[in-house]
Amino acid sequence: MLKLKDVIAQMKEDQYEKLLSQLKGNSAEKFHSLATYLRDDKMDDEDIMGKLGVNTSAYYTLKSRLYKRVGEFLSAGLDGSKTDLLKKVATIPDLVYNTKKETAVAVLGKLEKDLLTHDLPYELTDVYSALKKLHITSPKYYDYAQAYNRHLGYTIALDKAEDVLSSFMKYLGEYDNSRNADTHELMKMMKQEMASLCRLYQSHHLTVYRNILDVSFALFVPLSEAVKDDEPIEDILTATEKIMDSYPADSSYRYLQQVIAFLRFEYYHQAMQHKKAEQYYDMVNSNLSMFLNFNFCCYSSVFFLSRIQRAIRLNETAALSEENKELLKDFQPEKHDVPAYLNYVRYTAASLFYAGKYAEAAAQLNNVLNEIVFKNMAHAEIEIKLFFVLCCSMQNKYDTAHTVLKNVARKIRELENKHEYENANALIKMLSLQMDSGTGNKEKKMAEFRDKFLLLNRGRSNMLCYLDLSDNFLKKLGKNVK
């Protein structure tokens with residue numbers, strides 16, 4: 001039986017009086033009476049049962065419930081913030097070595113309950129370790145030993161899930177620039193590994209990590225069979241938001257809300273549900289410099305490209321370059337994060353391009369072509385070089401443009417999957433035609449190659465989604481001739 005009598009006897013007088021006051025205030029007369037009788041060491045269980053007028057079963061139920069209330073009282077404040085809980089965890093050594101055993105066990109029991117509620121497995125291992133020590137000669141030792149081992153395994157699983165999510169985002173960026181089939185298979189394995197971790201342990205944190213990974217896979221890996229059996233994206237995101245709303249004290253969820261807003265925006269943006277996308281756009285864009293650092297839990301830099309597409313749709317591309325001075329004033333791109341750096345350069349070069357600053361845009365693209373080693377990133381190299389050629393063409397720098405264009409065509413011919421780059425070949429023909437000094441209906445022929453590019457620009461080899469290849473732009477491009 002729980003040693004409730006010892007716990008109450010060990011309470012300081014002011015603590016005990018405060019407990020009685022709370023029990024009175026809650027109209028818990030029997031709990032109040034039971035606490036009084038237990039504090040008085042002169043009565044045994046049979047005497048107390050007689051005083052209370054209850055049978056043995058009701059008495060032990062009453063004691064159990066009072067024990068819970070006493071634990072809650074001794075651990076007052078634990079239902080507050082996560083910080084309060086962590087402060088209490090820090091006092092565990094004092095509970096073990098400098099507190100009466102029964103009191104320590106009661107406090108640890110309440111702490112266990114609150115840590116379970118907040119899903120804090122790392123701290124729970126400290127609690128179960130302490131309870132093991134305090135029950136070393138008790139049959140309960142084995143229960144606490146099992147709980148300790150289980151939560152130790154869970155903490156390892158949680159760490160693993162965070163690593164899987166971070167690694168997935170890293171490889172997602174690499175895949176976006178390489179479109180490599182082996183990287184795609186590796187990401188599928190990571191998706192399966194995350195699902196396996198969620199099957200091993202019931203945890204809202206694991207579920208949130210899995211949902212972020214699954215939605216990212218569905219949004220940013222074109223035509224993947226890996227997501228065909230997943231729930232609809234909107235349903236996954238709604239379920240994730242409900243989890244986060246259920247744990248308002250979880251500090252990490254306050255930041256992951258921005259990740260979910262980003263995924264919502266990207267989903268509605270891709271689905272061309274622009275009215276729904278706008279509210280989530282504002283949530284991400286208002287804190288963009290900080291959000292871009294979330295590359296360990298989402299493919300944050302792809303927002304750059306979506307931002308250009310949105311500006312094209314709203315006819316606001318001319319303002320991008322000036323906006324960036326304020327928007328990105330606190331953001332410093334990291335060149336060792338190559339995918340994010342390339343997206344940053346694509347975005348800033350495109351912003352300059354739409355402002356008519358073709359020389360500055362070409363300079364940025366040329367710099368990145370010289371700075372970055374594009375080994376295993378042929379897709380990104382082809383895309384950036386084609387954009388560079390376009391910038392050169394807008395300046396009538398046809399010698400440079402022609403040389404780079406021939407380099408791109410040769411690069412495509414050398415690829416094992418060259419048949420997947422008919423979209424790029426169509427764009428090469430359009431740009432080559434633009435540089436041709438011959439007369440004829442050049443604009444019409446360029447439009448035909450443009451249309452072919454847009455038709456083929458799907459799936460794994462899609463590129464240059466941030467270019468406005470409208471008829472008006474083709475007219476402008478067609479005026480630049482040798």
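Contact, in these legends, means heavy atoms within 4.5 Å. The model is predicted: local features need pLDDT of at least 70, side-chain atom pairs count only at pLDDT 80 or more, and totals for chains, interfaces and linings use all residues. Residues are numbered from 1 along each chain as its sequence is written, and side-chain values use heavy atoms, with hydrogens and water left out.

**View 1. Phenylalanine 353 in the largest nonpolar core.** Leaving aside neighbours within four places in sequence, phenylalanine 353 is in contact with Tyr358, Ala361, Phe387, Leu390, Cys391, Met394 and Phe473. The largest nonpolar core has 122 residues. Leu263, Phe353, Leu386 and Phe387 have the most contacts inside it. Apart from this core lies another, of 46 residues, among them Leu34, Leu52, Val54 and Ala106. A nonpolar core is a set of buried Ala, Val, Leu, Ile, Met, Phe, Trp, Tyr and Cys residues joined through side-chain atoms within 4.5 Å. Buried means under 20% relative accessible area, exposed over 50%, and partly exposed in between (1.4 Å probe, protein chains only). In soluble globular proteins, nonpolar side chains tend to be buried together.

**View 2. The aromatic pair of phenylalanine 262 and phenylalanine 291.** The structure holds 23 aromatic pairs. In this one the ring centres are 5.2 Å apart and the planes are at 50°, so the pair is tilted. Rings of Phe, Tyr and Trp (its six-membered ring) pair if their centres lie within 6.5 Å; planes under 30 degrees apart count as stacked, over 60 as edge-to-face and the rest as tilted. Phenylalanine 262 lies in helix H14 (residues 251-270) and phenylalanine 291 in helix H16 (residues 288-291), so the pair ties together parts 29 residues apart in sequence. Helices (H or I, at least four residues) are DSSP runs, numbered from the N terminus. Both phenylalanines are buried. Phe220, Phe262, Phe291, Phe294, Phe296 and Tyr299 form one aromatic cluster.

**View 3. Lysines over tyrosine rings.** The charged end of lysine 132 sits over the ring of tyrosine 148, 4.2 Å from its centre. Lysine 170 lies over the face of tyrosine 171, at 4.6 Å from the ring centre. A charge sits over a ring if NZ of Lys or CZ of Arg is within 6 Å of the ring centre and within 35 degrees of the ring normal.

**View 4. Histidine 135 in a loop between helices.** The loop runs between helix H9 (121-134) and H10. Histidine 135 is buried, with a relative accessible area of 8%. Leaving aside neighbours within four places in sequence, histidine 135 is in contact with Val105, Lys140, Tyr141 and Tyr144. Alanine 145 is ten residues from histidine 135 in sequence and 9.8 Å away in space, C-alpha to C-alpha.

**View 5. Aspartate 214 in helix H12.** Its relative accessible area is 6%, so aspartate 214 is buried. Not counting residues up to four places away in sequence, aspartate 214 touches Lys191, Val227 and Asp230. Leucine 116 and aspartate 214 are 98 residues apart in sequence and 26 Å apart in space, C-alpha to C-alpha.

**View 6. Aspartate 337 between two helices.** Aspartate 337 is found in the loop between helix H18 (320-327) and helix H19 (338-354). At 18% relative accessibility, aspartate 337 counts as buried. Glutamate 416 is 79 residues away from aspartate 337 in sequence and 27 Å away in space, C-alpha to C-alpha.
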